[in-house]
Amino acid sequence: MIPVKGKYSDALIMCVGDETDGNVDQYAIAQVQMICDTEAASGSNIRVMPV
């Protein structure tokens, strides 16, 4: 599981391992970070399940 903390909300990327394992592309993590930093996501419970 990879936690992502943003300005307006937090997210969890549900996967085996963490960001150092290379299971999730760094660009994908950055996209989730951008969502969390957007005011429209304020108060949201964001969960991402990559394939």
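Q: Is cysteine 36 buried or exposed?
A: Buried means under 20% relative accessible area, exposed over 50%, partly exposed in between (1.4 Å probe, protein chains only). Cysteine 36 has 0% relative accessibility, so it counts as buried. Cysteine 15, at 22%, counts as partly exposed. Bear in mind that this is a predicted model, where local features need pLDDT of at least 70, side-chain atom pairs count only at pLDDT 80 or more, and totals for chains, interfaces and linings use all residues. Residues are numbered from 1 along each chain as its sequence is written, and side-chain values use heavy atoms, with hydrogens and water left out.

Q: How many disulfides does the structure hold?
A: A disulfide is a covalent bond between the sulfur atoms of two cysteines. With the cut-off set at a pair of cysteine sulfur atoms within 2.5 Å, the count here is zero.

Q: What is the order of the strands in the sheet?
A: Strands of a sheet pair through backbone hydrogen bonds, either parallel or antiparallel. Here strands are DSSP runs (E, at least two residues), numbered from the N terminus, and two of them pair if DSSP finds at least two bridges between them. This open sheet of three strands reads β1-β2-β3, with mixed pairing. β1 and β3 are at the edges with a single partner strand each, so one side of each has no neighbour in the sheet.

Q: Which way do the pairs run?
A: β1 (residues 2-5) and β2 are antiparallel, joined by four bridges, with valine 4 partnering alanine 11 of β2. β2 and β3 (residues 45-48) pair in the parallel sense, also over four bridges; there, leucine 12 has arginine 47 as its bridge partner.
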